[in-house]
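Okay, everyone, thanks for coming. Let me put the model up and walk you through how the two chains meet.

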Protein chains: 2
Amino acid sequence: MEMKKVILSEDEIPRKWYNILADIKMNPPLGPDGNPIGPEALAPVFPMNLIEQEVSSERWIDIPEEVLRVLSIWRPSPLVRAFALEKALDTPARIYYKNESVSPPGSHKPNTAVPQAYYNKVFGIERITTETGAGQWGSALAFACSQFGLECKVFMVRVSFDQKPYRKSMMEAWGGKCVPSPSMETKAGRDILEKDPDTPGSLGIAISEAIEAAVSDETGKTRYSLGSVLNHVMLHQTIIGLEAKKQLEKIGEYPDIIIGCAGGGSNFAGLAFPFVYDKINGKEIDIYPVEPVACPTMTMAPFVYDHGDTAKYTPLLPMYSLGHAFVPPPFHAGGLRYHGMAPTVSQLITEGILEPKGVTQLAAFEAGVTFTRTEGIIPAPETNHALATVFDEARKAKEEGKEKVILFNFSGHGLIDLAAYDNYFSGGLKNYVLTQEEMLNSEKVFKDHPKPQLLKSR
Amino acid sequence: MEMKKVILSEDEIPRKWYNILADIKMNPPLGPDGNPIGPEALAPVFPMNLIEQEVSSERWIDIPEEVLRVLSIWRPSPLVRAFALEKALDTPARIYYKNESVSPPGSHKPNTAVPQAYYNKVFGIERITTETGAGQWGSALAFACSQFGLECKVFMVRVSFDQKPYRKSMMEAWGGKCVPSPSMETKAGRDILEKDPDTPGSLGIAISEAIEAAVSDETGKTRYSLGSVLNHVMLHQTIIGLEAKKQLEKIGEYPDIIIGCAGGGSNFAGLAFPFVYDKINGKEIDIYPVEPVACPTMTMAPFVYDHGDTAKYTPLLPMYSLGHAFVPPPFHAGGLRYHGMAPTVSQLITEGILEPKGVTQLAAFEAGVTFTRTEGIIPAPETNHALATVFDEARKAKEEGKEKVILFNFSGHGLIDLAAYDNYFSGGLKNYVLTQEEMLNSEKVFKDHPKPQLLKSR
């Protein structure tokens, strides 16, 4: 019997994270006056030990023992050969996936939630605030906080809060608190509710609320935590790709193509960055971040300086952005409904090292159902977007008769997102495409910025 | 860092199941006339290759390659040392759990669903019917059928069907069909609905419907599948205990105490039977199946011949039973709401080899929440019952100052059962205790049997 999984033992978990900042040159974040900010500007929001990671350019950063202890609840995660899927697609490609759905909350998110909770604890912080869209990040942070005895407060985008009551239950099971956003607890929330009491909310609004709740705590014992976009988040996620490299080495394989879905960029970067290092050093690999065509940050938006949140509490970050006021259409992949993209991922796109792809919601779910009925695991709606591109590449390999090695990130399972599958099976799911007018409206916000901020036009 | 998990590689998956029938003497099943039945009596219900396993007394039975291929999607499952839980309970006991929640549907159930689907396929069957309570079994069978290209039809107890819409979605994702029971599709269902249109349904009724739907298919291409109770189901589940033995050997441990929750008995038997073999051969081990006090089959019911279903379609089986018409109170562990107990488990209880325990719902959830906030994984409500007894034994070890080795089965995660946790956190959960009157009523059904069938009174 051919082995399906490549398994590492606990003592093979990587001991260091890979920091892409050692290998690329980035534009600095800017303050409200348009000038570069220093680390101290972030101190009210994040603990200083995490800020140091955010700006570090050391290539390898040690993973603390206490973090490894918690990661070992589910890590190393399996690398799996998708034999049944290959057969169904009748492709000569060999398809591997890194199964990040095996964590307790069911996704890759705890890879960064755990170290973030740890560094906050070490810094003397007692309470962390955050936002969550679909709920994967909020439940991951609640899980991580329970491991280090921290309080956790989650602002959850209202439309998801109402559609996914089980996500709140998960957070509560781990001892976290979850409120729908916009809420009356913050000025940012109250301002929005006053204008539009029935707003479905957005990730940008929820981030504003969570930051405000952290910085306004006068005891100084509260900080904010972000589940994607920032450099230290990408850093923590590289454990995925570092493990995958070891696993592929064990069976003498190396990928031709790497694929991951990208909302803020973290699961994609986690798998891809250790291979980006190889590509920078001469390896030939095609690396594809995948987004929904209904939120086309990487494939259609300009590369600009923009805020990470609606209320403009964050610094200006150099990234592809649809504008911080952009509210994407209500497709079923909450984790991909974000206006921006991680600055590191954005930078690598401008340099041509990454080639973004866009897929439709229906193509994503079609691929997800085929995966469910072949490989046996029900993917999260976000993961389905990566799958749609895997299918495209597997078919291309067939047309070209090439034995390509495809590696993708199975970022999460869909057991808490089954309503989306119901909707798909009942024919209620449709494709959203952004109109030119919506694109133009979304770009208008950049005009408010302190300086002309277009880094690169399309 | 101490290693938390003991991991086996795929080529260490056991190649044979352990059959307890080689080592205990059983009372035979009886037909409606009160006489022992032969294998041929079961032929309309099950394929003959599975019936042969049901009656086999060979100690070791080969696991087919095609079954191993599918099991390897998630097996071998991890054996985990519960360091954080030990610390929280301040116990000298070393606590290990076999994590069966890592399968795609989230429980131990696919361990038997996969071989059952396989043997049906090999026998030329095209469609399998079954019942499900909480939904774990129905989704496991839908998953298994999708792997072998079989149709799957699930009759789901109505109260669960209404409370847990996501279970139906899971079955559909794998291509299965799920209807609430009682339904109008069978005579058994119509009879019940005529008397009581608002019945919440029961596992006994759903079994009757699924059997009727199988045997009444005139093409002869449909069979029925049961997720617990029967000998071949226990056989397939022994892969759990056989793996656990290998894993404990690797670290030089052997259990003093084995614990599993028991509804029909299959996850418990799967972990325990390979160790029961050792106990029969002289090892000293305490082995505890755990049930809810609200459905006290093992701890209060008589050892009798009784039917497995409400409509009396099944043969009379020798087991502890609350009576085939018994409807348990609506506590939150659907998998433990069954009137009977596997004949093999029942037999071992009468011989004093197993010592059943009963726990309350609130004690179960209290233990489950502590586990969630220490070990990090949210348990299924059924699994919480095993945990309550683990907690009792860990505390006893502390009082006695003994370094006991406790092994329990983490039979499933609770991600689809979060409504139960909501209920617990909001204070809505209560304990049910069966009254003497309810016990007497439940026993009356035995009077209808063709012979006096009391095998052993209490």
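First, a term: buried area is the accessible area, taken with a 1.4 Å probe, that two parts lose on being put together, summed over both. For chain B and chain A that comes to about 4000 Å², with carbon and sulfur atoms giving 60%. On chain B's part, B:M1, B:E10 and B:Y166 supply 18% of the area buried against chain A, more than any other three residues.

Housekeeping: this is a predicted model, where local features need pLDDT of at least 70 and side-chain atom pairs count only at pLDDT 80 or more, while totals for chains, interfaces and linings use all residues. Residues are numbered from 1 along each chain as its sequence is written, chains are lettered from A and ligands numbered from 1 in the order written, and side-chain values use heavy atoms, leaving out hydrogens and water.

Now, contacts, meaning heavy atoms within 4.5 Å: 45 residues of chain B touch 45 residues of chain A. How many salt bridges cross the interface of chain B and chain A? The rule (a Lys or Arg side-chain nitrogen within 4 Å of an Asp or Glu carboxyl oxygen) finds two. A:E10 and B:K5 form a salt bridge through their side chains, at 3.4 Å, N to O.

Last, the inside. A nonpolar core is a set of buried (under 20% relative accessible area, 1.4 Å probe, protein chains only) Ala, Val, Leu, Ile, Met, Phe, Trp, Tyr and Cys residues joined through side-chain atoms within 4.5 Å. The largest has 199 residues, and A:V345 and B:V345 have the most contacts inside it.

How values were computed. Buried means under 20% relative accessible area, exposed over 50%, partly exposed in between (1.4 Å probe, protein chains only).
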